[in-house]
Amino acid sequence: MANSDYKTIVKDGLWDNNGVFSMLLGMCPTMAMTTSATNGFGMGLATAVVMAASGLLVAVFRNRITTEVRIPVYILIVAAMVTVVDLGMNAWMHELYKVLGLFIPLIVSNCLPLARLEAFAAKQPPLPAFLDGLFMGLGFTIALTVIGAVREIIGSGTLFADASLLLGPSFKAIELQVLPSSMNVLMMILPPGGFIVTGLLVVGKRLLDLAAGKEIQMAGAHAL
Amino acid sequence: MKEFALMMIGAALVNNVILARFLGLCSFMGVTTRVDTAAGMGFATTFVITVSSMADWAVQTYLLEAYGLGFLRTVTFILVIASAVQFTEMTIKKVSPSLFQMLGIYLPLITTNCAVLGVALLLVEGKMGFLEATMFAFASSVGYSLVMVIFAGLRERLALAHVPRLFAGPPIAFVVAGMLAMAFMGFSGIATS
């Protein structure tokens, strides 16, 4: 593949076709795990690892998987990768594992990995499929971190609180107190805040796309 | 009996699957453009969640725990759910062809609805007994159906409203969902669980 194709993969994953803000896939962890930027970041990275690994595996076996059984096979491959991530995080990142809890095994039924496997990895050689999974996953991570940051700043006045506890002591430096605690709007870290912030950020991306002279995407939310 | 009733109200309204636990949001956004499809989806999902939760409970208790295979939980549960969906599809096709026609493509897609896997994992983590687990699964899925139908009603009205172009489609739906979630927070005094 030419270099420009790889550039498209990176650009699509991180911005143009961003899993959350453009395709509106993987909404459950997007809402549930963005009460703080750190949680969003951790959830996004776990999903990115699963997506890259399952993209690679599906692309390697793409000629052996027949069309009739492909969906169950994809789900099983994703489930196997999720189990690996689940056990790995339980062993090495136990604090973060406890926070994300239910939503690690639920990566299996996140529509984003499955959608990318079906749309991309099933037809492409291993390297592009791996990169597509990785950058779609990183785009997902960025989206979750941004939503988490907005909700955290407005809701509890901090940014990346507990990062040293959840990700490792070297992340101590990024913990910030942005607003005094008297200005907190608790609503933002409760469930309604998740819906409202995500909705407004989708509008924000449309505004930026509009300013850059691109067509705004009205699509999304059609996939189940 | 009183505990059961409180637990069921808690699962259906207070800790609503969609608005408080954030499960099944894809179908919440995807199939709520009309009330009748939302109701059909709610009905089918209720059936699948109840049946697969009972099956998952049995698999967890008699297979995974009995033989120390806990690490296979995710893989096993998704297989059980896929089979339950297939079973539901075959049953509905045999018993009521007209309902099968109505639900159409939504049926197989229930497999990737995270509410199904989510409820199964919740009742395993809550270490519930069989009766309690079945009640919990049923109440949760009734709460799911209720919110689906309410939200579909809101969106039918929304389709007629003048929405700014930038907000058209999903963004305004998210904001409306946020308000619905606020309304449901009012239930939090009724029961805790």
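These are some notes on the model above, one point at a time.

1. First, the ground rules. This is a predicted model, so to speak of local features we need pLDDT of at least 70, side-chain atom pairs count only at pLDDT 80 or more, and totals for chains, interfaces and linings use all residues. Residues are numbered from 1 along each chain as its sequence is written, while chains are lettered from A and ligands numbered from 1 in the order in which they are written.

2. Start with chain B, which has nine helices and zero strands. (Helices are DSSP runs of H or I with at least four residues, strands are runs of E with at least two, and both are numbered from the N terminus.) Its radius of gyration, taken over C-alpha atoms, is 17 Å, close to the 16 Å that the globule rule gives for 193 residues, so chain B is as compact as a globular protein of that length. That rule is 2.2 Å times the number of residues to the power 0.38.

3. How much of chain B is buried? The share is 48% of its 193 residues, where buried means that 20 or more other C-beta atoms, placed from the backbone, lie within 10 Å of the residue's own.

4. Now see where the chains meet: 40 residues of chain A are in contact with 36 residues of chain B. (Contact means C-beta atoms, placed from the backbone, within 7 Å.) On the chain A side, α9(A) gives the most, with 11 residues. That side divides into 30 nonpolar, eight polar and two charged residues. Here Ala, Val, Leu, Ile, Met, Phe, Trp, Tyr, Cys and Pro count as nonpolar, Asp, Glu, Lys and Arg as charged, and the others, Gly among them, as polar.

5. Within chain A, look at α3 (residues 37–60) and α6 (residues 111–119), which pack at about 30° with their axes 10 Å apart. Axes are lines fitted to C-alpha atoms, for helices over the stretch in contact, and angles run from 0 to 180 degrees between N-to-C directions. The two helices are therefore roughly parallel, a label for angles under 35 degrees. α3(A) brings A:Val50, A:Met51, A:Ser54, A:Gly55 and A:Val58 to the contact, and α6(A) brings A:Pro113, A:Arg116 and A:Leu117.

6. Finally, find A:Ile107, in the loop between α5 (94–100) and α6 of chain A. A:Ile107 is buried, with 28 other C-beta atoms within 10 Å. Leaving aside neighbours within four places in sequence, its contacts include A:Val50 and A:Pro113.

Key: Angles under 35 degrees count as roughly parallel, over 145 as roughly antiparallel, 65 to 115 as roughly perpendicular and the rest as oblique. Two residues are in contact if their C-beta atoms, placed from the backbone, lie within 7 Å. A residue is buried if 20 or more other C-beta atoms lie within 10 Å of its own, exposed if 12 or fewer, and partly exposed in between; C-beta atoms are placed from the backbone.
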